[in-house]
Amino acid sequence: MWRGGATAASAVRALRSRLLVDPIHHPVTSLAPIASARTSSSSSAPSTAVANTIVEEAAAAAAVSVSQHTGSISDALRHYGKCYWELSKARLSALVVATSGAGYVLGSGNIVDIAGLCSTCAGTMMVAASANTLNQVFEIKNDAQMKRTMRRPLPSGRISPAHAAMWATSVGVAGTALLAWKANGLAAGLAASNLVLYAFVYTPLKQIHPVNTWVGAVVGAIPPLLGWTAASTELSLNAMILPAALYYWQIPHFMALAYLCRNDYLAGGYRMFSFADPTGERTAWVSLRNCLYMLPLGLFAYSWGLTSEWFGLEASLLTLGLTIGALSFVLEPSPKTARRMFYGSLLYLPAFMAGLLLHRLPIEQKAHNLAEKSELDGVLYGADLQDKERARQKRQDRKPSRVQSRPPVAYASVAPFPFLPVPIYES
């Protein structure tokens, strides 16, 4: 705004110097209007009109300058906002936030703390944005070689690497601090460790060994644990259902993606599992195996008291559908079947999480169910002990009673008259 005022003042001075003659360099000409004004009063009206014209032109010039300055600020904000959005991989980060929020709800009681949920999601979003930005900072040259990524902000030169690194550092520190402040230290530690694992382990490993897919699956499985710990401040066996589903789900998802984009990944210098598998058979079998690992997760969620029995049925049916897609990829390894399995994986994850949240049992209900189960087990165990005792007693009753006869010497030792014969007793 100050720059706009200075520009307006310079415009006024330029107009004034153009319309009024300098009295130093042109004294005669400059004194002529004054003399004419003294001799004729009719010249006052044109002078007033000229002054008004000067003011109006100066105001118009100031308005144009301010509008240009405002336009430049809005253009800069729009430009960097778009760059930050792309650096953060907003859609991928939104999926990470969704899994973290689902973990928070699963770890909550009957009442979900909305403020805590929002704080956890905001912190997770910032940490995910930081990790994705650092990933692109380290892979500028690789992204420039791939058609799918060459238009990103860093390869296209729309933003500098130093600027992107500053953005990543700022949002990463802010997100971790927010989780430590509003949630707990365990959630903040999980977020920071996941950022390090993604940016400094998974990212360079993509150019070294195909095991990067499994390391990336671990990265994707941590956000639900983060949300659970933010809500319950602890980890338990129930907290592993959604992370396990995410881990096994990512393998067929990214195997299909790597198979479909094999040439693009090869041009970028990435080492993917599908490179050593030109026929696609091994890739398909790995996908099918991990789909089979997901089949019992719904039953585990019910037996561990996390959900109702309906989720066990629904999750089994969902996983069966994804498994059929992987089986078709095994029977006919081709881009068509790989794409079908890829789209099936996109539908599977939101349906699985929705069913998990819909059929979840709050912590109090879980404790009540577990108490009832333990009480029932105690009753059954006591009844079983009673049955065993009765059976043992019956076996004892059925046995014939045997009276052990004493040796003759023992009877003789207690005989009242030692000189008499030893009495004989029949059993």
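How many nonpolar, polar and charged residues does the lining of the largest pocket have? By class there are 28 nonpolar, 13 polar and eight charged residues, where Asp, Glu, Lys and Arg count as charged, Ala, Val, Leu, Ile, Met, Phe, Trp, Tyr, Cys and Pro as nonpolar, and the others, Gly among them, as polar.

This is a predicted model, in which local features need pLDDT of at least 70 and side-chain atom pairs count only at pLDDT 80 or more, while totals for chains, interfaces and linings use all residues. Residues are numbered from 1 along each chain as its sequence is written, and side-chain values use heavy atoms, with hydrogens and water left out.

The largest pocket holds about 1,600 Å³ of space. Of the 49 residues that line this pocket, K89, L92, N132, Y198 and F254 are the closest to its centre. A pocket here is an open set of points on a 1 Å grid over the protein atoms alone, where a 1.4 Å probe fits, with protein on both sides within 12 Å along at least five of seven lines, and lining residues have an atom within 4 Å of a point.

Two lysines lie over aromatic rings (NZ of Lys within 6 Å of the ring centre and within 35 degrees of the ring normal).

| Lysine | Ring | Distance to ring centre |
|---|---|---|
| K182 | W181 | 4.1 Å |
| K206 | Y270 | 4.7 Å |

Among rings of Phe, Tyr and Trp (its six-membered ring), which pair if their centres lie within 6.5 Å, the count comes to 13 aromatic pairs. F300 and W304 form a stacked pair (planes under 30 degrees apart), at 5.3 Å centre to centre with 5 degrees between the planes.

How values were computed
Grid points are joined across faces, edges and corners, and a volume is the space filled by probe spheres set on the points. Rings of Phe, Tyr and Trp (its six-membered ring) pair if their centres lie within 6.5 Å; planes under 30 degrees apart count as stacked, over 60 as edge-to-face and the rest as tilted.
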